[in-house]
Amino acid sequence: MTQKLSSYAAGSWYAAADDGTPILDSSTGEVVATVSASGLDVAAMVEHARTVGGPALRALTFQQRGLMLKELGKYLTGRAGEIHANYGAAGATTPDAQVDVEGGIGVLFVYGSKARRELPDDTIYTDGGIEPLGKDPNFVGQTIYSSRPGVAVFINAFNFPVWGMLEKLAPTLLAGLPVIVKPATATAQLAEQAFRQIIESGILPEGSVQFIAGGVGDLLDHLGGNDVIAFTGSASTAAKLRSGPAVVERSATFNGEADSLNASILGPDGGPDTEEFAQFIKTVAREVTSKTGQKCTAIRRALVPEPLLDKVIDALTARLGKVVVGDPRDPATRMGPLVSVAQRDEVAGAVRRLAQGADILLGGPDAELTLGSGDPAKGAFFPPTVLLARDRRDRNLHTIEAFGPVTTLFPYTDAAEAAELVALGEGSLVASVVSNDQQFVRDLVREIAPFHGRLLLLDRDSAAAATPHGAVLPNLIHGGPGRAGGGAELGGIRGVLHLMQATSLSGSPALIAAATGRWNANAPEVDPGVHPFRKYYEQLQIGDTFHTGTREITLADIETFAHFTGDTFYAHMDDQAAAANPLFEGRVAHGYFVLAAAAGLFVDPDPGPVLANFGLDRLRFVKPVYPGDVISVRLTCKAKTIRGGIDQGEVTWDVGVTNSDGELVAAYDLLTINALESAAG
Ligand code: NAP
């Protein structure tokens, strides 16, 4: 029986009365599902997201949201096999499906763990340090990021129904924004299945995710300045959505990930016997066949040094000529069909237009298709196709995207010409430079970086460990300028901050500390009553301050430290040489000794709630310390974080070391792990 896909709106599943658009098995042409959202109340969905999902998400700290992503990742891992069982109908081989399903789940895990390591146990994010705004220390600035009381609408492409949803979901939920997902119709059955699992997990707060199977209706008319439209798809749809009133008149944020003609460049050193040559052929061939070339990051343009062109043609066509095309459910198949017959016809049309300026070396729409399995009359099969540019500057070759297993070879003479050809693509998601020639790589990177969101630099050293050209990693930026849509997703925590509102606060140190929950120099100090190292995590207050006694730094100290550690740098040992240094008047204490002496002043030695020191941040030696100087230390509780899932707290202490004139000589953040009173029993 054909499955009728449902939407998930305001807490319940909704099936339209009509049958809507059929989704066909891309190998056999059989109907696998139908899609319609007619009658769906999209205005109520937006309202539900704003009034139910948003507040529930924003009540959670980043740490809690991170834990939620990790739990969801674990749950979906357990059910990935159910999606794999249906993926063959969409034309994907098992490795292709893994990129989508396991790849998407991987993004949840990476963001879950990044949140727990890099974000605070709070609902706002404090960005960077305090900005002095004038001579008077009583007026300072601080930038924060806060969650918008809006909704994010994902409009996704057909090629990654699961990854496309999860890669956006992870940073968006972390940012505290509820989500409405609208997958592409062609593979909506897979997106719906994964979404159903998310709902069945019960892990996400009600209203934080909703789903539209079918068209969006007038959804965008309900969006405004606090909302986000995150679009992935063709440049033409991106242009249409970007020019709508939600964006143009009401300033909804629009993030576009559109098509692009990504390049891979073989360096001049990449002769046929090199590892770089082998990597280049492997990389280009993989990107042509992986997901049948239906990847936004696939290599559409392969740039080859003129003298190496013949060898590359031989190796690439030989390798791709052996690829077994067929039904992905057949274990012998290495490349499945395109997602639909309509898509196959689009690709055939694009290749015909490319062929007006290029020679088809392999495949193409008129090649006789030898299939390992599947029905050539009903399936959307297309062979691996390689073209060779006749005029390497032909604009069409740099701008027509054949969204299938298609790549065009371009010869080039030197790094400058390679960069010029790459730039003719008018902005791409990714390029790879395959070379062991450091000067060539350096020259090229500096020229082509502004045209890309990501560059893969591949050589013999990284070959074994490197992720493929087309692999989008949550830690790295996904997006690109110009034709690639002008958007940026992922890239670690910056992908979360993009979705939040940046606000600069300016005011007195006390009010800034109160608003951010982080102490800053010049904010009021709090008398902790006891040494703050005697307080459990929960008992510590932001601003708790301990002022130490004093210690004179002697020449004997400096000598002892130098010989004990082996650091006999002349500035510590030789008065004359030190005085000749423009920064010093004579022998100075080691900065590390000042730190060690400071610790000797502020630690409270007996066993207690402070379990360990795990590092220093922002360390600066501000002024030299000379023999005879008397130092003292201020230690202030600056920030506290409980990392999700851990029974200990992290405390950041603001430390200032001063000399006898009260001048700051060293400043840093000290990081400690502190016991929780609640866990102490
Ligand atoms: P598409 O036709 O532009 O469709 C993309 C999405 O937009 C689909 O969900 C589609 O829904 C929806 N849509 C179309 N018209 C709309 C409208 N007027 N209002 C609201 N939504 C609308 O692209 P596609 O054919 O699915 O995807 C292939 C393209 O995506 C390729 O060009 C590829 O390069 C690009 N792509 C880019 C990235 C990236 O990250 N940069 C990733 C993957 C793919 P329906 O399916 O229901 O029409």
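This briefing walks through a predicted model of one protein chain, from overall layout down to single residue pairs. Residue numbers start at 1 along each chain as its sequence is written, and side-chain values use heavy atoms, with hydrogens and water left out. Because the model is predicted, local features need pLDDT of at least 70 and side-chain atom pairs count only at pLDDT 80 or more, while totals for chains, interfaces and linings use all residues.

**Overall layout**

- The C-alpha trace of the protein chain spans about 90 × 60 × 45 Å along its principal axes.
- You'll find 20 helices and 27 strands in the protein chain; helices (H or I, at least four residues) and strands (E, at least two) are DSSP runs, numbered from the N terminus.
- Of the 681 residues, 54% count as buried, where buried means under 20% relative accessible area, exposed means over 50%, and partly exposed is in between (1.4 Å probe, protein chains only).
- Taking contacts (heavy atoms within 4.5 Å) between residues at least 6 apart in sequence, 74% join residues at least 24 apart.

**Domains 1 and 2**

- The chain splits into domain 1 (46–258), domain 2 (262–472) and domain 3 (525–679), with bounds that come from an automatic or database domain assignment.
- The centres of domain 1 and domain 2, taken over C-alpha atoms, are 30 Å apart.
- On the domain 1 side, 16 residues are in contact with 18 residues of domain 2.
- About 1300 Å² is buried between domain 1 and domain 2, with carbon and sulfur atoms giving 63% of that; buried area here is the accessible area (1.4 Å probe) that two parts lose on being put together, summed over both.
- Asp 96, Phe 158 and Asn 159 supply 34% of the area that domain 1 buries against domain 2, more than any other three residues.
- The rule finds 0 salt bridges across this domain 1 and domain 2 interface, a salt bridge being a side-chain nitrogen of Lys or Arg within 4 Å of a carboxyl oxygen of Asp or Glu.

- Helix H4 (residues 163–174) has 12 residues and should span 16 Å at 1.5 Å a residue; its end C-alpha atoms are 17 Å apart, which agrees. The expected span is 1.5 Å times one less than the number of residues.
- All the way along, H4 is buried (12 of the 12 residues), so the helix is largely enclosed by the rest of the structure. Among its buried residues are Trp 163, Glu 167 and Lys 168.
- Just after H4, Gly 176 takes a positive phi of about 85°.
- Thr 187 sits in the loop between strand S9 (179–182) and helix H5 (188–201), and counts as buried because its relative accessibility is 3%.
- Leaving out residues up to four places away in sequence, Thr 187 touches Ala 90, Phe 158, Pro 161 and Val 339.
- H5 has 14 residues and reaches 20 Å from its first C-alpha to its last, close to the 20 Å expected.
- In H5, 11 of the 14 residues are buried, so H5 too is largely enclosed by the rest of the structure. Gln 189, Glu 192 and Phe 195 are among the buried ones.

**Salt bridges**

- The count for the model comes to 33 salt bridges.
- Arg 329 pairs with Asp 25, the closest N and O atoms being 2.9 Å apart. Arg 329 is in the loop between helix H9 (309–321) and helix H10 (341–354), and Asp 25 is in the loop between strand S4 (21–24) and strand S5 (31–35), 304 residues apart.
- Arg 329 is partly exposed at 43% relative accessible area, whereas Asp 25 counts as buried at 6%.
- Glu 426 and Arg 395 meet in a salt bridge (3.0 Å, N to O); Glu 426 is partly exposed at 36% and Arg 395 counts as exposed at 54%.
- Arg 634 and Asp 654 also form a salt bridge (3.0 Å, N to O), linking strand S25 (residues 630–642) with strand S26 (residues 648–658), and both residues are buried.
- A network of salt bridges links Glu 306, Arg 392, Arg 393, Glu 417 and Glu 420.
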